[in-house]
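Subject: Structure handover

Hello,

Here is the structure I promised to pass on. My notes on it follow below.

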Amino acid sequence: MLTGIICLSLARAEAQPIEEVPFITSPDNVTLEMLSSAGVKRGDHVIDLGSGDGRIVILAAKKFEATGLGVEIDPSLVERSKASARNAGVADKVEFRVQDLFKTDLAPASVITMYLLPEFNLQLRPALLALKPGTRIVSHDWDMGDWKPDRTTVVAVPNKAVGREKSSKIHLWTVPAKVDGLWCASGLLRGASITLTQTYQNFSGTLAWRDRTRELAGTISGSELRTPAGSSGELVLQATGDELRIASAQGNMALVQGASFRRASGATCS
Ligand SMILES: C[S@@+](CC[C@H](N)C(=O)[O-])C[C@H]1O[C@@H](n2cnc3c(N)ncnc32)[C@H](O)[C@@H]1O
């Protein structure tokens with residue numbers, strides 16, 4: 001699998017030159033909402049891409065007990081961030097580096113935060129999608145094109161310096177597991193198969209077993225796939241690497257609960 005750093009380098013190499021991102025701070029209420037919206041907690045590692053004066057990473061450590069890394073191209077902002085971290089008493093929990101965000105290894109992050117520009121978000125998108133399923137990504141104001149956010153929160157910013165709206169949008173995504181393709185059952189359900197088509201955090205497909213076929217459609221949150229509880233009941237699947245397990249099934253599919261499927265190596269289940 002490509003690491004975040006390789007993906008980022010590729011994205012940068014193919015990219016056209018884009019506008020530089022100026023230093024504008026996320027206001028305190030926006031910073032707080034970015035971290036709350038991602039559910040940051042002790043054990044999380046937050047990477048802020050373009051960390052400015054370090055406020056996001058410092059708040060993540062001070063209020064939410066996370067560790068963090070801020071990468072920033074402006075050395076004077078990195079020095080300022082280090083001093084602020086010392087003043088806030090979190091210098092042992094956070095790191096600030098003078099570094100191009102496109103050359104940063106994102107794999108250690110459980111949460112990525114960014115306040116960049118739309119073009120930057122789109123260039124980062126392939127590397128973000130390649131991160132561990134369940135990694136949360138929060139972007140101040142800018143989205144990621146057709147990878148729609150799982151949730152968007154709007155926060156009032158009466159003194160906002162840029163744009164006409166006196167508010168900020170906070171977009172949240174959770175990196176979905178890669179589940180596209182054919183999955184084959186073993187054991188008691190041998191012969192059953194699941195075929196899935198995935199578009200970002202949405203999937204559709206079929207579960208086929210003996211003479212029964214069930215249409216599947218729903219959303220992926222990290223490693224969990226969930227169909228809505230319709231007439232045939234909710235189905236929850238858990239994806240772990242090359243295994244897809246039916247964690248819970250209702251209605252006439254209750255029998256398949258616990259069944260496990262492996263990613264097919266060919267075009268059919270043999
Ligand atoms: C809009 S500011 C956001 C600062 C901070 N994240 C916040 O929300 O308060 C964007 C920051 O990204 C930095 N930046 C721009 N391009 C960068 C790059 N290629 N690598 C690292 N930092 C970059 C800028 O210097 C600026 O400080």
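Which residue takes a positive phi in the hairpin of β10 and β11? In that hairpin, which has two residues between the strands, R210 has a positive phi near 50°.

Two points on the source come before the rest. This is a predicted model, in which local features need pLDDT of at least 70 and side-chain atom pairs count only at pLDDT 80 or more, while totals for chains, interfaces and linings use all residues. Residues are numbered from 1 along each chain as its sequence is written, and side-chain values use heavy atoms, with hydrogens and water left out.

The barrel

Eight strands close into a barrel, in the order β8-β9-β10-β11-β12-β13-β14-β15, with antiparallel pairing. Strands here are DSSP runs (E, at least two residues), numbered from the N terminus, and two of them pair if DSSP finds at least two bridges between them. From one strand to the next, the twist averages 30°; angles run from 0 to 180 degrees between N-to-C directions, with axes as lines fitted to C-alpha atoms.

Strand β8 (residues 181–185) is joined to strand β15 (residues 260–263) by three bridges, and the two run antiparallel. C184 stands opposite R262 in β15. Between β10 (residues 202–209) and β11 (residues 212–221) there are eight bridges, again antiparallel, and N202 has T219 of β11 as its bridge partner. On to β12 (residues 224–227): β11 pairs with β12 over three bridges in the antiparallel sense, with S221 opposite E224. β11 and β12 also form a hairpin with two residues between them, and G222 in the turn has a positive phi of about 65°.

The open sheet

Seven strands form an open sheet in the order β3-β2-β1-β4-β5-β7-β6, and the pairing is mixed. β3 (94–98) and β6 (151–156) stand at the edges with a single partner strand each, so one side of each has no neighbour in the sheet. The twist in this sheet averages 15° from one strand to the next. β2 (residues 67–72) pairs with β3 in the parallel sense over five bridges; the bridge partner of G70 in β3 is F96.

The ligand

The ligand is surrounded by 19 residues (each with a heavy atom within 4 Å of the ligand). The closest are S26, D48, G50, E72 and L101.

- S26: a polar side-chain atom lies 2.6 Å from a ligand oxygen atom.
- D48: a polar side-chain atom lies 2.9 Å from a ligand nitrogen atom.
- D100: an N or O atom in the side chain is 3.0 Å from a ligand nitrogen atom.

On its own the ligand has 600 Å² of accessible area (Shrake-Rupley method, 1.4 Å probe), and the protein covers 97% of that area.

Regards

Methods: Helix = DSSP H or I, 4+ residues; strand = E, 2+ residues; numbered from the N terminus. Polar contact = N/O pair within 3.5 Å; in protein donor to acceptor, adjacent residues only side chain to side chain.
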